[in-house]
Amino acid sequence: MSKLDWNSVDFETMIIHAGQEHDSAYGALATPIYQTSTFCFETVEEGAAKFANEIPGYHPVYTRGGNPTTRAFELKCAAMEGGEDAVATASGMGAVGSVMLAFLKCGDHVIFDNSVYGGTNHVATTNLPNLGIEVSRVDTADLDALKAAIRPNTKMVYFETPNNPMIKVTDVAAVKAAVGKDIRVVVDATFAPPPIQHVLKLGADIVLHSITKYINGHGDALGGVVVGSAADMKQLRANCMTKINGCPPSPFNSYLVLRGMKTLALRVERHCQNAMAVAKYLEQNPYVKTVYYPGLESSPSHELACRQMENGLFGGILSFELKDNVKGMSSFEAGKKLLNNMKIASIAVSLGDPDTLIEHPASMTHVGLSPEARLAAGITDGLVRMSVGLESAKDLINDLEQAFEAI
């Protein structure tokens, strides 16, 4: 089958076919699982050339450094994001850590948004300072604050859009324009993967995902991916990443993700439709103070989201804040009781599954933060985060209704 320019077809076609060619040995339609630790050479000379990187193109030597199943996954992710190349990791945090180690060194300075995933927050507050890397925390959506934080040794700006757990949308193009070409803009787009948004096209230098979430979409495989220019991905591989740091995905997990990605367009559309329906219900709920979802016209991020997010899709994640003194109890206790009363939604900290998942950041994902850090990130005691699944939207709303009544 001849190769297509994936920019010439619609997303739905590209995500099914890109990166995956029919098996050359037997013609298998599905990419085989190359469940092997090493690869053999025909001659000593061939092995020497591959170890010396003298042979152009992709040439697996050891699965820690490359695997055909994983390579198909990487190429599909590069096509998905409109990047030149991609590198897969064993987890989303593997992607975060590898980007930091590949592009930062002792004495460098990096600016992080003040509200990021808990694991990423630990990297910013503990791991990087321990390596002599300076870290500043600002609201990256505040361009004046961002510019004021830039130093002569600033090498990177890192944020999520939408972010965890406040669902704040940051203007990628404006951030890149503010920091200039010499500072890498790295965006975690886990909460809103293509076809919702394409952050490289907006000006980001590197995009990463925890593919455990929407990209795999079935809650059965861990993984991460980094996408960017060919030069940056070459540096990523050379400086650390899978071969040296030993964090490649297993071939079986790469196979599971390839399988999941074929339905990404269909799944994401349903997630977004359901999230919008649930957000509109919550906006009218008497026990809810604020709903954080960029698809709502009441959201401060709505205008930006309409420009930056595509196809009328605003993501499948929302958060909402309970009012104080709900039925005579604190918002902290009301939040926990609400979750305990849910019958369809599962209490879990992940997202992007077919199942609806719900969590209470103040007592779960962000419990390790100090009260001051939680407040700076906007995380209140009554905040609830919901990953809206693929069930019937009506049933999900009914489930929330009965849980509120049971508080």
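The model is predicted, so to speak by confidence: local features need pLDDT of at least 70, side-chain atom pairs count only at pLDDT 80 or more, and totals for chains, interfaces and linings use all residues. Residues are numbered from 1 along the chain as its sequence is written, and side-chain values use heavy atoms, with hydrogens and water left out.

The chain holds 16 helices and 12 strands, taken as DSSP runs (H or I of at least four residues for helices, E of at least two for strands). Of the 407 residues, 53% are buried, meaning under 20% relative accessible area with a 1.4 Å probe, protein chains only. Counting contacts (heavy atoms within 4.5 Å) between residues at least 6 apart in sequence, 72% join residues at least 24 apart.

As for the inside, a nonpolar core here is a set of buried Ala, Val, Leu, Ile, Met, Phe, Trp, Tyr and Cys residues joined through side-chain atoms within 4.5 Å. The largest one has 75 residues, and Phe73, Leu282, Tyr293, Leu318, Phe320 and Phe404 touch the most other members. Helix α12 (residues 264-283) supplies the largest share of this core, 10 residues. Beyond its neighbours within four places in sequence, Phe320 contacts residues including Leu282, Val288, Leu338, Val384 and Phe404. A second, separate core has 22 residues, among them Val99, Met100, Tyr158 and Val226.

Conventions
Buried < 20%, exposed > 50% of the residue type's maximum accessible area, 1.4 Å probe, protein only.
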